[in-house]
Amino acid sequence: MPKDKMSFQATAGTAGLFVVAAALRLLLFTAFPGLPNLLTGRVEISTPVTSFKRCTCRRVCSLYNHNVSPYDGGVYHQAPLLLPLFSLLPDPSTYPIFAYILYTLVDLLSANALYKIAESGEGGASRLYSSPRKEKRWSGYVVAALFLFNPFTIATCIGRPTSVFTTCAILHAVAKALSGNIFTSMLSLSFAAYLSMYPLLLLPPMVILAYDRTYNPKAPKSLAQLAGMCTLALTLTDLTPNAGLWGYSPSPRCSTASVRSSFGFFWLHPISSYTPALTIRLRQQPLAVITLLLGIFAIFKPYPSIADTSLFLSLVPCFRHVFPLLRYSFVTASVVLYGTFLGPAFYHLWIYAGSGNANFFYAITLVWSLGLSLLVSDLAFAVLRDEWEVERPEMRGKEIRQI
Amino acid sequence: MPNVQSFSTLRARSYVFRLPLFTRLMVLAIVVLWLVGIQSAWDLRKWGALIPDEMNFFTAYRMNTFPLIHLNLLHALLNLLALTPLLERFESEYGTLTSAAMFFGPLTTIPAVAYVILERVIFRVNTPVMGASMWVFLLFSVEAVRTYKINPYFVIGTVQVPTWTTPLVMAFVTAALIPSTSFLGHLCGIGTGYLFGLGYLKFIAPPEKILRWIEGKLNLLGRLPHYVSVDQKTYGRFGVLPSNNSSGKRISPALTHIDQLTDGSGTYKGSTSLSGMVGSTQRLASALFVGRSPKLQKAPPYISLLLIVVGVAWLFMLPMNDYSRRTYISENALLPGQVHTYFGGSDQNVLRAYRHEIGALENKTNTEVNDKLEHMFRSMGLKVGRQNYTYTTSGNTVAGENVYAILQAPRGDATEAIVLVAAWRNVKGEFNRNGLAVALALTRYFKRWSLWSKDIILVVPPDSRAGTQAWVDAYHDSHDSRRVADLPIKSGALQGALAIDYPQEERFEGVHIVYDGVNGQLPNLDLINSVTNIASGQMGMGSSIQHMFHHNDQYRDRLTCMLRGMVNQGLGHAVGPHSSFIPYHVDAVTIQPVGQGWHDEMGLGRLVEGTFRSLNNLLEHLHQSFFFYLLMQKERFVSIGTYLPSAMLIAANFTITAISLWVKTGYGRKADTAKESKDIKEKKGVDADAKKAEQTAEEAPAPVERELYLPLSLVTGCQFLGFVPLFVFNHAPASLLAPLFVVVTLLSLALPHALSFFLVTTYRPTHQQYQLITSFFLLLLGMFLSTLATLNFSLAFLVGLLATPLTFVRPFPKVPAAQYAYSALLSLLNPGVVVLGAAVAATTLHGRSGLGLGVVGVSPWEAVRKVLEEGAFGWGVWGMYTPLIFWCVWFPAWVVGSVVVLG
């Protein structure tokens, strides 16, 4: 009963926010008709695996409608279920408004999930750990607003990559895990993993999160419950091998595509090594693990885009209480800002003006990744420092030094 | 062992300060001798190096001087880095006197003599050596022998390697990696070092008794700073027994570190008592350059000022001979001026006929003209296309129809093309009668030749501003099909374009080359060089740039020429029909015949023919030469590497102030806060804030939490505010532009006062919040400008220069006079005021400005309208982003800066 009440309040309190955010997006869509196509073409927003154009281009759709594998020809690299979705939509070149509304709705759904995550207070106080600073936190309203009005999120929404569906699914998985709704959570996570492989790596912290939230000290059923959750998730994600990036890799007809997928596979390896390490070290704070992992994905996943960054940045405000412990906030902000502006400028010099070369853009992607990794490591430091001060109260406020 | 993690600047500093006397003297000697070696009057190196063949009794001093003399800075620096720690160990072990005796005596002469004997007697060669590396290897082998006694082997896999071999390995590695090192010299040093380390050379050390006596008599310990006494020396550096060595070593860094922290001055205490709870500590930034010492905290404004001064001075240095370069043809395939041009003879009659026909068309409508031109093209046997376009900016409609013809290359496959543009009217609106006639005659002439490997496209737009833009946009399929029609026929990728602008009737003296593109992009320098080369070298006609028709190639003219180029580049508008090509990476220039001379149309035709022959030679797109350059004479330029620092320095000055302000806001300021609180007290309103401020002022400069919401929202809000005037001026009708601009300027002058009043009455921003506001807007400004500097150097430089006073904005609550003075200065530099002033100034220029705005001699009111119209036209048609920079970079920064001053 109280849960229902809370969610009701959520919708009532955030209705205004959502309306404004939706209005802003639709305004941008309609007032600047060239903008969506411009942003769709930007490499920072849509990658070969998330591009809206490749999803809706006539060639892929006609392949699909004529019962030919859409993966033929190396244009389409995305999950198969997206195709029926987009072929259900009216042709985006003539009736773009339907796609606009769809993407706006997905953003609002993500914001709603984020609202629930922030309101749960999991960032500051989990089952096993309660931060001494947990009083200092932002309400769900602020967190959702930060997500909805983040320029990266807006640019992503207007560029319409398919990664917004992944974002939405991940946020819902977290929100459902927090409300103890294991089945829905795992379903969402499987959907995210189905759309793009890497959210599968979020499974361990997600399971721990759900376990912590449904933990009942009177009826301990720990191992069995954990095992059950894992099987549930794995049997659902079992769908993936015949889908998405992996579905077409055995096909000998798409040699370039298979090269790409194996490339992606080898890139997935270093990322996956972070999952167990972080999960074990930050066992007490599973939401922090998920956030840090999302940050690591945004840096290291193959074909990263600003959609991944905006997902990571959307969860960071849940850790408002450790913000004073961040050491490089100014440096991080400056580096990310510089990357945001210099990236397109150097891309322009390289591709359009012809007066720069690929190294310009490559260098700036390194700077961008540096900024993000600073934020990830700084956040990890702050979370650990917060834990450490609980263990060693006498060290509160003292400067520490890495030896 | 020291490693990267344990490195700290504090310890490094204290290490340097504790270096003993002899080491210091040697370092000093090396540095001084290097400095002496810079001059060229006296060859120090020849005097002091160890040259085996020149060794005799009178040149024996060389055996002592050679280690102190180095080849160059790098040599000296590397040797110093290697030598200092080793020598410091030696000295603190043996004492200063002993070290001096040993290093001016046997430890230098023995290897030197050995080297000379080996060179002269055995190898019979004569390789001079110099530098302290022999000492380095000597000391290194002494250490290696000592290590060998404690720790005889290190294990690689299963192989045990004796540790005494390390200097030998190092010598091999050095010989392999670094060119022109003396392997033999190093070996001599190593050999002596082994002998000394094993104790065979103990006998040469001066007796301790004598040393003690000297030391006692002269009271050296009392007189000399950093002197290491003979008595202080110990056997082994860290204790008597070798077994204590490792543990002693391990503890020592920690101990020294603690020492420094406790005996350091009060400034260090601040760093130890840093509260991690509030305020992010920003160790990175502070360690980089600010620190917490009050002296350093005051430095950033001076650094900023220095950067500005250096940045501006840099620009004024560029026209000098030493900083600019002569132009050269970089792409060999161009071969400008190497072919004979045949345009002439009977073609002159053809040209005269065309001129006559075109003259008859002068007052016809666009469609009638194009019908006639199409007929002419078809009669030459060319393919013809026509294209409509309609642009609407500032309430005016610019419409027209382009006509163009494609000459298919006899030897090409239609994958590449060169464009010849002859607009019906030039940018000033004059009838381009001769230019068109030349273009038609040339096309007819080109048709006869079989050597073209690229298609030639002749484009005749009705005007020089919108027509070419529409054509190029449509050629690259990036046009808005509601305004610009598709092209019916196309050819291959455009390799280059040449526009002819020849409205005058008389013969001409030389050609004026116009090269600025939209948004300050420039064509490849090779193209300009080719045209200059053919015009001056082959045709014997003068050529000029930037309306500098009489250029004497002295500093003043070069500077004027460069500044004109920068203003044109900064404005970013199209100055000729060629400008629209450049954003598509099609190198293009406009050729304008100027002056009264003896060259006729045929000469111009031959110039175009020669240039086309050069472009025809190209195997790939022009890429060899520079895309970023400033020309200061037709044959002198500076490239981006030389001029970019000046804009970057100006952009960096904003960033440095921003970072320093951010760091400052993290700590309460003892002195300032106290003063301020007194001031507040003197005023009537002694409120809770002041008391709190006073309380914090009593304590040590403790970290404080930053209040970010107000600064962030103010800066973001002002940033978005800039879009309002941008929108207004790009959509207002032409008649309203000038009045609107005056209104907006007046409003923007009043805006900071209103905002400041609003802030002070509603939020009462603290000093810290004002600092944060300044920090944020300066950070944004620095970022925008450094990004812009890579795209359009001149615009970034000009905006940066006009915005420099914003670096020094601070709230001046104490001195109202300063506040009003600064605010008045900023008002003068208000973007609107600057544009009004510039427009008025431009009306009085004597036709030499080269800005092409056509504002010379009109009323100021009209001038403002024209400038704004050009801005709106550029934004809508050319995709010129100058208005965006103006309203969304400069304007917001100015508003926020003025608010801070008034705060």
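The model is predicted.

Q: How many helices and strands does chain B have?
A: Chain B has 36 helices and 13 strands.

Q: What share of the residues of chain B count as buried?
A: Of its 903 residues, 51% count as buried. As for contacts in chain B with a separation of 6 or more, residues 24 or more positions apart account for 79% of them.

Q: How is a sheet read, and what is the order of the strands in the open sheet of chain B?
A: Strands of a sheet pair through backbone hydrogen bonds, either parallel or antiparallel. In chain B, 3 strands form an open sheet in the order β3-β13-β12, and the pairing is antiparallel. β3 (325-326) and β12 (629-633) of chain B each have a single partner strand and stand at the edges, so one side of each has no neighbour in the sheet.

Q: Over how many bridges do β12(B) and β13 of chain B pair?
A: β12(B) pairs with strand β13 (residues 636-639) of chain B over 4 bridges, in the antiparallel sense. Within β13(B), Val638(B) is the bridge partner of Leu630(B).

Q: How is the packing of two helices described, and at what angle do α6 and α7 of chain B pack?
A: Two packed helices are described by the angle between their axes and the distance between the axes. Helix α6 (residues 96-104) and helix α7 (residues 106-123), both of chain B, pack at an angle of about 20 degrees, and their axes are 4 Å apart. Angles under 35 degrees count as roughly parallel, so α6(B) is roughly parallel to α7(B). On the α6(B) side the contact is made by Ala101(B), Met102(B) and Phe103(B); on the α7(B) side, by Pro106(B), Leu107(B) and Thr108(B).

Q: What span should helix α16 of chain A have?
A: The 15 residues of α16 (residues 286-300) of chain A should span 21 Å at 1.5 Å a residue; the end C-alpha atoms are 21 Å apart, which agrees. This helix is mostly covered, with 14 of its 15 residues buried.

Q: Is Leu795(B) buried or exposed?
A: Buried means under 20% relative accessible area, so Leu795(B), at 7% relative accessibility, counts as buried. Leu795(B) lies in helix α32 (residues 793-803) of chain B.

Q: Which residues does Leu795(B) touch, not counting those up to four places away in sequence?
A: Leu795(B) touches Gly570(B), Leu788(B), Tyr881(B), Thr882(B) and Ile885(B), with that exclusion. Ser229(B) is 566 residues from Leu795(B) along the chain, and their C-alpha atoms are separated by 64 Å.

Note on methods. Residues numbered from 1 in each chain as written. Chains lettered and ligands numbered in written order. Predicted model: local features only at pLDDT ≥ 70, side-chain atom pairs only at ≥ 80, totals over all residues. Heavy atoms only, no water. Buried < 20%, exposed > 50% of the residue type's maximum accessible area, 1.4 Å probe, protein only. Contact = heavy atoms within 4.5 Å. Pairing = 2+ DSSP bridges. Expected span 1.5 Å × (residues − 1). Axes fitted to C-alpha atoms, helices over the stretch in contact; angles between N-to-C directions. Parallel < 35°, antiparallel > 145°, perpendicular 65-115°, else oblique.
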